[in-house]
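Hi there,

Here is the structure I promised to pass on to you. Have a look at it first, and then read my notes below with the model open beside you.

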Amino acid sequence: MRLRRASAVWNNHSGTMIQIIEITSDDPLYESERLLRVKVLREPLGMPGGTEFFPFEIESRHLLALLDDKVIGCVLFHPRPPTVKLFQMAVYPEFQGMGVGRLLVDHLEKEAAAAGLTSVFCHARWEIHRFYTRLGYQPVGEPFEEIGIKHVKMEKRIER
Ligand SMILES: CC(C)(COP(=O)(O)OP(=O)(O)OC[C@H]1O[C@@H](n2cnc3c(N)ncnc32)[C@H](O)[C@@H]1OP(=O)(O)O)[C@@H](O)C(=O)NCCC(=O)NCCS
């Protein structure tokens with residue numbers, strides 16, 4: 001098992017200590033990450049467990065937000081030099097709006113920049129794409145349909 005890289009960060013909104021860690025798919029916390037993704041990203045669309053799995057899942061990098069050692073948020077990223085695909089961004093509803101999503105994306109961008117990548121892109125769900133706008137991402141091209149709902153590609157240049 002690869003060593004987890006941990007960094008403690010202070011959440012300004014709530015004054016709560018959230019930890020951002022990176023895991024691999026053989027980590028015991030991977031199950032909790034998959035459950036979060038099913039609950040937040042798949043079940044609300046009527047999609048069953050298992051559909052959250054991506055073909056490039058295992059070689060992707062997995063960031064988790066922990067509160068009291070429990071997984072409350074996650075985001076995955078798959079380097080495709082010179083860019084990186086951000087996907088499976090999710091925070092449990094009771095912890096949304098507290099800055100957890102921003103912490104995860106900030107951490108992802110730092111890791112991507114450290115790996116020499118120069119931009120991040122994602123397929124954002126249309127209904128939440130302004131979350132990415134708040135984080136400095138810009139829409140690219142026309143909206144399109146994916147997993148039955150409207151999406152738009154969003155992109156941001158990152159610097160070391
Ligand atoms: C989208 C999601 C990941 C955001 O996470 P979060 O922890 O609630 O977001 P944050 O609290 O870090 O918000 C960061 C900024 O984005 C803004 N924001 C968050 N959600 C937003 C939304 N739906 N629309 C517009 N702005 C939003 C916040 O106001 C905040 O702005 P500020 O820091 O400038 O005040 C979370 O709501 C979620 O899991 N949603 C359901 C799953 C989903 O749609 N995932 C994305 C798939 S592409």
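I'll begin with the ligand: the shell of residues around it is made up of 10 nonpolar, four polar and four charged residues. Please keep in mind throughout that this is a predicted model.

Which residues come nearest to the ligand? Of the 18 around it, they are Gln96, Gly101, Arg102, Arg130 and Arg134. Several elements give two or more residues to this shell: helices H1 (30-42), H2 (100-114) and H3 (129-134), together with strands E5 (83-91) and E6 (119-125).

Next, the nonpolar core. The largest one has 31 residues, and those that touch the most other members are Ala65, Cys74, Val75, Leu86, Val100, Leu104 and Leu108. At least two residues of this core come from each of E2, E3, E4, E5, H2 and E6. As background, nonpolar side chains tend to be buried together in soluble globular proteins.

Buried residues in H2 are Val100, Gly101, Leu103, Leu104, Val105, Leu108, Glu109 and Ala112. If you click on leucine 104, you can find its contacts with Ile20, Leu63, Ala65, Gly73 and Val75, leaving out residues up to four places away in sequence. Just after H2 comes glycine 116, with a positive phi of about 85 degrees.

Now for the strands. E2 (residues 16-23) pairs with E3 (residues 61-67) in the antiparallel sense over five bridges, and isoleucine 23 has histidine 62 in E3 as its bridge partner. E3 also pairs with E4 (residues 70-80), again antiparallel, over seven bridges; here leucine 63 stands opposite valine 75 in E4.

Aspartate 68 is in the loop between E3 and E4 and has a positive phi of about 50 degrees although it is not a glycine. Is aspartate 68 buried or exposed? Aspartate 68 is exposed, because there are 9 other C-beta atoms within 10 Å. Glutamine 88, in strand E5, also has a positive phi, near 55 degrees, without being a glycine. Glutamine 88 counts as buried because it has 22 C-beta neighbours inside 10 Å. The peptide bond from proline 81 to proline 82 is cis, with omega near 10 degrees, and proline 82 lies in the loop between E4 and E5.

Last, find arginine 157 in strand E8. Arginine 157 counts as exposed because it has 11 C-beta neighbours inside 10 Å. Apart from neighbours within four places in sequence, arginine 157 is in contact with Thr118 and Ser119.

Enjoy exploring!

Methods
Residues are numbered from 1 along each chain as its sequence is written. This is a predicted model: local features need pLDDT of at least 70, side-chain atom pairs count only at pLDDT 80 or more; totals for chains, interfaces and linings use all residues. Two strands pair if DSSP finds at least two bridges between them. Helices (H or I, at least four residues) and strands (E, at least two) are DSSP runs, numbered from the N terminus. A residue is near a molecule or strand if its C-beta atom, placed from the backbone, lies within 6 Å of it. Ala, Val, Leu, Ile, Met, Phe, Trp, Tyr, Cys and Pro count as nonpolar, Asp, Glu, Lys and Arg as charged, and the others, Gly among them, as polar. A nonpolar core is a set of buried Ala, Val, Leu, Ile, Met, Phe, Trp, Tyr and Cys residues joined through C-beta atoms within 7 Å. A residue is buried if 20 or more other C-beta atoms lie within 10 Å of its own, exposed if 12 or fewer, and partly exposed in between; C-beta atoms are placed from the backbone. Two residues are in contact if their C-beta atoms, placed from the backbone, lie within 7 Å.
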